[in-house]
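Biologist: Could you walk me through this model? I'd like the cut-offs spelled out as we go.

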Amino acid sequence: MLVRTILPSEMSPREAYALLISCVAPRPIAWVSTCAPDGSTNLAPFSFFNAGGANPVSVVFSCTNFRDGRPKDTLRNVQATGEFVVNIAPYWLAEKMNQTSFEYEYGVCEFEQVGLTRAPSRYVQPPRVAESPISMECKLFQVVAHGTGPVAANYVIGEVLCFHIAEHLLKPEGVVDNLAADFIGRMGEAWYIRATPEAMFRMERPTAG
């Protein structure tokens, strides 16, 4: 196959961002709820998201700067309070999740703007999304900044204090039934993907070389 070599150093941040998200796909989406120091709530989706480790249980998402270089509301709140909740949006919540990506003024409550319910968390101040079937309450471990200016990375590492999982998704062995979860993922451009049973396949880990 014919291959083209592309150097990020020769691209604008916006061009590099578009290429990156079209290459690294699909990506899970962290729907992160936070509180400002005055108690006002914020909710925003981040597709630069993944599990970190299991001892302790941790997750990480990257809250990139706005295109003008400003930190996003989520980062400001996490740095100020040290707490956040990662909610998971299934397919039926995709549109509301997308609506919360709108750049509202700082202090505007996305829960109220898009018609979502705030559910109290047990160990942290930020509320959960009541409609979400999976939520993880987290305390901040560390924010690692990489770069400065527009769309620079801020890796937010959180320790998971507890899970809230809808009973109908839990299998007897204590894991989420991926065939029933109806997960969605982020692709490049304006594309998303729905993890339907027809799209899934299993591969067991090899037991020998």
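Modeller: Two notes before we start. This is a predicted model, where local features need pLDDT of at least 70, side-chain atom pairs count only at pLDDT 80 or more, and totals for chains, interfaces and linings use all residues. Residues are numbered from 1 along each chain as its sequence is written, and side-chain values use heavy atoms, with hydrogens and water left out.

Biologist: What radius of gyration does the chain have?

Modeller: The radius is taken over C-alpha atoms, and the globule rule is 2.2 Å times the number of residues to the power 0.38. With 209 residues, that rule puts a compact globule near 17 Å, which agrees with the chain's 18 Å.

Biologist: How many helices and strands does the chain have?

Modeller: These are DSSP runs, numbered from the N terminus: helices are H or I with at least four residues, strands are E with at least two. On that basis, the chain has 5 helices and 11 strands.

Biologist: What share of the residues counts as buried?

Modeller: Buried means under 20% relative accessible area, exposed means over 50%, and partly exposed is in between (1.4 Å probe, protein chains only). Of the chain's 209 residues, the buried share is 37%.

Biologist: Which residues of helix H2 are buried?

Modeller: H2 spans residues 73-81. Its buried residues are covered by elements including strands E1 (30-35), E2 (41-46), E4 (57-62), E5 (83-88), E8 (134-146) and E9 (153-165). Gly 82, with a positive phi near 75 degrees, follows H2. The buried ones are Asp 73, Thr 74, Leu 75, Asn 77 and Val 78.

Biologist: Which residues touch the most other members of the largest nonpolar core?

Modeller: A nonpolar core is a set of buried Ala, Val, Leu, Ile, Met, Phe, Trp, Tyr and Cys residues joined through side-chain atoms within 4.5 Å. The largest one holds 21 residues, and those touching the most other members are Phe 49, Val 59, Phe 61, Phe 84, Val 86 and Met 136.

Biologist: What share of the contacts joins residues 24 or more positions apart?

Modeller: Contact means heavy atoms within 4.5 Å. Val 59, not counting residues up to four places away in sequence, touches residues including Phe 84, Met 136 and Val 160. Among the chain's contacts with a separation of 6 or more, the share for residues 24 or more positions apart is 61%.

Biologist: Which residues does the cis peptide bond with omega near -5 degrees join?

Modeller: Another cis bond, from Asn 55 to Pro 56, has omega of about 5 degrees, and Pro 56 sits in the loop between strand E3 (49-54) and E4. With omega near -5 degrees, it joins Ala 25 and Pro 26.

Biologist: Is Glu 189 buried or exposed?

Modeller: Glu 189 is in the loop between strand E10 (184-186) and strand E11 (192-194). Its phi is positive, near 50 degrees, in a residue other than glycine. With a relative accessible area of 64%, Glu 189 counts as exposed.
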